[in-house]
Every structure is written in C-alpha cells, then in structure tokens.
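This briefing covers a few local features of one protein model. Please look at the sequence and structure shown here before reading the points.

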Amino acid sequence: MKYSKSQLLVVWLLFCFLLTLNCISEQEKMTGKFTQFLKEYENKVIPLSKESNLASFEASITGNDSLYKKSEQLQFELSKIFTSKQDFALLKEIRESNTITDPILKRQLEIIYLAYLGKQLDEQKIKKIIEMQTDVEKRYNVFRTVIDGKPYTDNQIEEILQSSTDSKVLEKAWKASKEVGKNVAEDVLKLVFLRNEAARDLGFDNFHTMQLQLSEQDPQEIEKLFDELDNLTHDAFAQVKEEVDRVLAKRYGIITEGMQPWHYQNRFFQEAPKIYSVNLDQFYKDKDIVALTQQYFEGIGLPIDDLIARSDLFEKEGKYQHAYCTDIDREGDVRVVCNVKPNYQWMNTMLHEYGHAVYDKFNDRTMPYTLRGPAHTFTTEAIAMLLGSMASNPYWLRDMLGVPPDQLEKIAQDCFKSLRLETLVFSRWAQVMYHFEKSMYTNPEQDLNKLWWDLVEKYQMIKRPAERDEPDWAAKIHVALYPAYYHNYLMGNILASQFYYTISRQVLRQENVTEQSFTNHPEVGKFLDEKIFKPGARSGWNEMIEQATGEKLTAKYYAMQYVE
Ligand SMILES: [Zn+2]
C-alpha cells in the first residue's frame with residue numbers, strides 16, 4: 001500500500017500534535033508535582049529554620065549548655081527534612097524529566113535538589129557528625145589560652161602578639177594558643193573520616209570535592225583559579241615578606257633568619273603585621289565603632305538601625321569569641337555577633353559583618369524563600385570584604401572621621417601599602433587553608449602536622465619552628481567546623497575588587513578607583529540593592545556577576561588593585 005505525500009504529512013502532523021500534547025501534559029504534571037512539593041517543603045523548612053537560627057544565636061552569645069543542646073536538636077531536625085529518600089526520589093524524577101521551564105521554579109528545583117543530595121546519607125551518620133561538631137564547637141568556644149596559670153581570651157592573645165617585643169613572651173603566648181589544637185585534633189580527624197565516608201556513600205571522591213560540587217563550584221576550575229593566583233601573587237608577596245622580616249627583626253632585635261612564626265603579630269599570619277608607620281588603631285581608639293558603622297551604611301542608602309538593635313556586639317563571659325552574621329528568617333530579622341573594641345580590626349569586622357547583613361536585609365521578599373539568599377556564599381563575602389576594607393582606606397578616614405588633608409597626604413601611601421600587604425598576606429594564608437583541606441580530605445592518613453607546615457613554608461614563606469610536630473592545623477577553628485569553605489574568602493576578595501572597579505567607574509563615574517570610599521553616595525546602595533541583593537539566588541553566581549559588572553568572575557581587577 002502506498003500513501004500520498006499529503007497523507008503522510010497529515011499523519012506526521014497528527015503524530016507531532018499528540019507528542020506535543022503529551023509533552024504539555026507531562027510538563028503540567030511535573031510542574032504540578034513540584035509546586036505541591038514546594039508548598040509542603042516551605043511549610044516545614046521556614047518555621048524550623050527560624051527556630052534553629054534563633055537557638056543557635058542565643059547559644060553563641062551565652063555559652064549556655066542547654067541552649068547548645070536545643071540548637072543541636074533543632075539543627076538535627078532541620079537536617080532530617082533533607083534526608084527524606086522519598087522526597088529526594090521525587091525531586092530527582094522531576095529534575096530528570098527536564099520539563100520544568102519556568103526559570104524561577106527551575107532555579108528553586110536545582111538549589112533544593114542539591115541541598116537534598118548533600119543529605120542523602122545514613123541518618124545515624126548525620127546525627128553523629130552534628131553531635132561531634134557541636135561538641136568540638138563548644139570546646140573551641142570555651143577554650144582560653146593559659147599562660148603561667150592565667151587564662152587569656154583570643155583578643156588578649158592577639159594583643160600580646162601585637163604589642164610585646166620580647167621573643168620569649170611571644171613564643172610562650174603563641175605556643176600556648178596552639179594548645180586548643182591538641183585538645184580537639186583527634187576528634188577533628190574523626191570528623192574528617194566521617195565526612196569522607198558520607199561523601200563516598202553519595203558517589204563523590206571525598207568530602208572536599210563534594211562540598212565544591214554541591215555549591216555549584218567545579219573543583220578543577222577552583223584549582224585553576226588558585227594556581228593562577230599563586231603565580232600572580234608569588235613575587236609581590238616574596239617582596240613584601242622580605243620587607244616584613246626586615247622591619248620586624250629590627251623591632252625584636254634579632255637577625256631576619258631568626259624570625260619565627262610568633263614574630264608575625266598574629267596566631268596564623270593571616271593578617272598583616274603593622275610595619276608601616278601608619279597606626280590605624282590611633283584613629284579608632286576613642287571612636288564609637290558601632291555608631292560609625294551605622295552612619296556609614298545610612299549614608300550609602302542601606303540603613304541598619306533595626307539590625308543593630310537586634311545584634312549582640314560586645315564581649316561577655318562564655319560568649320563566642322569571633323564574629324558572624326545570621327539571617328534568622330529571610331524576612332528582615334538579621335543579627336550580628338561581635339566582640340567590639342575601639343580598634344581598627346573591629347572597625348573592619350563591623351563593616352564586614354554588616355556588609356553580609358545588608359545583603360540579607362535587602363533581599364527581594366516577593367521572591368520565593370529559597371531564592372532570597374545570596375547567589376553564593378562567596379558573593380556575600382565579596383560585599384562584606386569590600387565594605388570591611390574601607391576601615392583602612394584613607395579616603396574613608398577623611399570622609400567618615402574628618403582626617404584633615406595634610407594628615408591624609410601623609411598617611412595615604414602607607415594606608416595603601418597596608419591594604420596591599422593585608423591582601424597579599426591573606427591571599428597566601430588562604431592558599432594554605434585551601435591546599436591543606438584539599439589534601440587532607442584526599443588523604444587523611446598522611447602526616448597532617450607535616451603537611452600543614454610544608455604548606456605554611458611554601459605559601460606563607462615562614463619556617464617551621466625546629467622539630468615542631470604538633471597538630472597546629474587543628475588550632476584553626478575553620479578546619480574543624482567550616483570545612484571546605486575557606487577558598488570562598490579568597491574568591492570573595494577577587495570579586496570585591498571587581499565590584500570596587502565597577503562601582504567606582506560605572507556608578508560613581510570615577511577613574512581613580514582606590515580613592516573612592518562611597519561615603520554618602522546612596523547611588524552605591526541603590527546599585528548593590530538592584531544588581532546584587534535583589535536578584536538573590538535567582539541565577540547562578542557567575543551569571544549574577546556578569547549581569548552586575550559586565551564580566552564573569554575575573555582576577556584582573558584584583559591584580560590591578562594589589563599586584564601591579
Ligand atoms: Zn564574612
């Protein structure tokens with residue numbers, strides 16, 4: 001039997017029509033399923049997240065045992081939602097059907113799918129990990145360095161390292177501060193094994209690669225970026241490091257070859273020693289750091305009075321000793337924890353934390369809950385770092401503190417050199433953290449004490465103390481509690497430079513980028529709000545960066561600002 005061409009065409013059109021109908025109904029079916037899922041998901045996750053965030057905030061500012069217990073329990077319950085095998089199977093089915101076309105739904109599906117994927121582990125294993133983390137966290141929080149029987153806070157230890165010129169005193173303080181490492185190392189290592197085991201259950205090589213992939217970062221691209229930065233910063237760092245050694249050795253009355261890790265004015269050499277004549281602390285010693293923070297944000301059109309009222313900003317017994325920002329409900333209840341002192345470091349930290357806070361506060365509340373967070377953790381770090389760095393920007397000191405022009409001229413060069421040193425020092429330290437974690441999760445059975453010091457020698461160019469074989473890596477709280485996250489700080493730095501150039505050139509129409517402090521320029525806040533805060537997690541991080549700056553993430557501006 002033969003069909004005419006027109007008959008074939010009719011059959012073909014009918015076939016296409018049925019196929020389309022089928023696709024539409026498949027699409028409708030999946031969209032319906034996902035919309036229903038989202039409704040139930042939000043009903044569970046939103047109230048529980050809020051309760052958990054509140055409990056964790058309360059625990060950290062009081063150090064109270066029962067609050068820590070409560071926080072742990074709530075985190076476990078929240079985490080448990082994402083462990084559901086049934087929900088995950090549904091999400092996987094919807095995702096693999098490739099039928100969700102609405103961009104807002106599609107983006108939520110991707111984010112929620114990855115959140116579930118990361119928790120598709122044995123319930124007992126998750127429980128064990130959270131329990132151990134909470135226990136270790138508490139031990140860090142209550143640890144006080146003991147020197148000659150007397151306890152010291154981290155703030156006090158940093159003060160000794162910065163102010164003493166007696167090598168014996170410095171060595172003693174530095175070594176005593178590392179005791180926390182011995183205290184927790186064994187348990188941190190157990191956590192590493194548990195995390196790896198959990199990652200392998202899900203088919204990942206190890207926990208480190210899993211974390212990157214779950215946060216939409218390609219491990220090879222990150223490795224490439226870090227190697228590029230290593231090349232970019234190596235010579236500039238070697239040069240400033242030589243200057244650091246020369247100045248500090250003179251200060252301590254030793255030869256440069258005698259410089260030891262305790263001579264760098266910081267427990268980890270993660271911050272720059274003060275080698276330039278400008279002493280930024282002098283500008284802040286009689287200032288109200290909280291009020292300055294409030295005024296600055298007001299001036300750039302991002303008021304924070306409500307957030308300051310909810311925050312906990314000063315030292316207390318038993319309280320968490322670091323700083324953080326938490327978005328309690330994605331509805332504007334954003335809080336900061338600090339231990340403010342009138343000095344440069346806390347000015348920087350306050351501007352930093354409230355940088356995170358405005359990102360959260362000015363989210364788009366017409367967006368679904370899931371898309372109201374930042375595009376990526378490192379994009380919120382970028383905003384925090386950009387604003388934090390203002391504390392050492394001479395033009396910020398002029399605009400905010402009224403430092404007069406003649407004094408400004410005197411300090412400008414040193415301020416710039418300090419910021420450059422700070423950035424290079426941090427960049428090399430972040431390399432240590434990134435490479436240590438990557439290597440530790442790839443092979444946790446290796447000699448980690450040795451690995452740590454090999455990396456410190458390579459990237460920070462500091463010699464290990466003779467015959468030192470201690471778990472100094474475990475003295476860094478981030479290794480234990482914020483695993484495979486530190487690289488985001490360096491990426492944040494790179495992006496901060498990119499944002500700085502974009503705002504200075506495209507928003508303020510200024511060519512002399514490094515002279516901009518944004519003070520009393522509400523158009524800066526408008527730009528941040530419209531291009532970065534409001535879009536939230538609506539698109540992937542690189543797409544957001546491209547839309548805000550005209551380019552994907554690039555180290556070009558970082559190099560222009562600090563290396564060239
Ligand atoms: Zn931060």
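The model is predicted. In it, strands β3 (residues 324-327) and β4 run antiparallel and are joined by four bridges. Elsewhere, helix α21 (residues 522-533) and helix α22 (residues 541-549) have axes that come within 9 Å.

**Hairpin β3-β4**
- β3 and β4 form a hairpin, with six residues between the two strands.
- Arg330, in the turn, has a positive phi of about 55 degrees.
- Tyr324 has Val337 in β4 as its bridge partner.
- β4 spans residues 334-337; Val334 and Val336 point one way from the strand, while Arg335 and Val337 point the other way.
- Val334, Arg335, Val336 and Val337 are all buried.

**Thr145 in strand β1**
- Thr145 belongs to strand β1, which covers residues 145-147.
- Thr145 counts as buried because its relative accessibility is 1%, and the cut-off for buried is under 20%.
- Leaving aside residues up to four places away in sequence, Thr145 touches Lys150, Pro151, Tyr152, Ile157, Ala173, Ala176 and Ser177.

**Helix pair α21-α22**
- The axes of α21 and α22 cross at roughly 145 degrees, and the crossing is right-handed.
- On the α21 side, Phe527, Lys531 and Ile532 meet Met544, Gln547 and Ala548 of α22.
- By class, the residues in this contact are four nonpolar, one polar and one charged.

How values were computed:
Residues are numbered from 1 along each chain as its sequence is written. This is a predicted model: local features need pLDDT of at least 70, side-chain atom pairs count only at pLDDT 80 or more; totals for chains, interfaces and linings use all residues. Side-chain values use heavy atoms; hydrogens and water are left out. Buried means under 20% relative accessible area, exposed over 50%, partly exposed in between (1.4 Å probe, protein chains only). Two strands pair if DSSP finds at least two bridges between them. Contact means heavy atoms within 4.5 Å. Axes are lines fitted to C-alpha atoms, for helices over the stretch in contact, and angles run from 0 to 180 degrees between N-to-C directions. A crossing is left-handed if the near helix is turned anticlockwise from the far one by less than a right angle, and right-handed if clockwise. Ala, Val, Leu, Ile, Met, Phe, Trp, Tyr, Cys and Pro count as nonpolar, Asp, Glu, Lys and Arg as charged, and the others, Gly among them, as polar.
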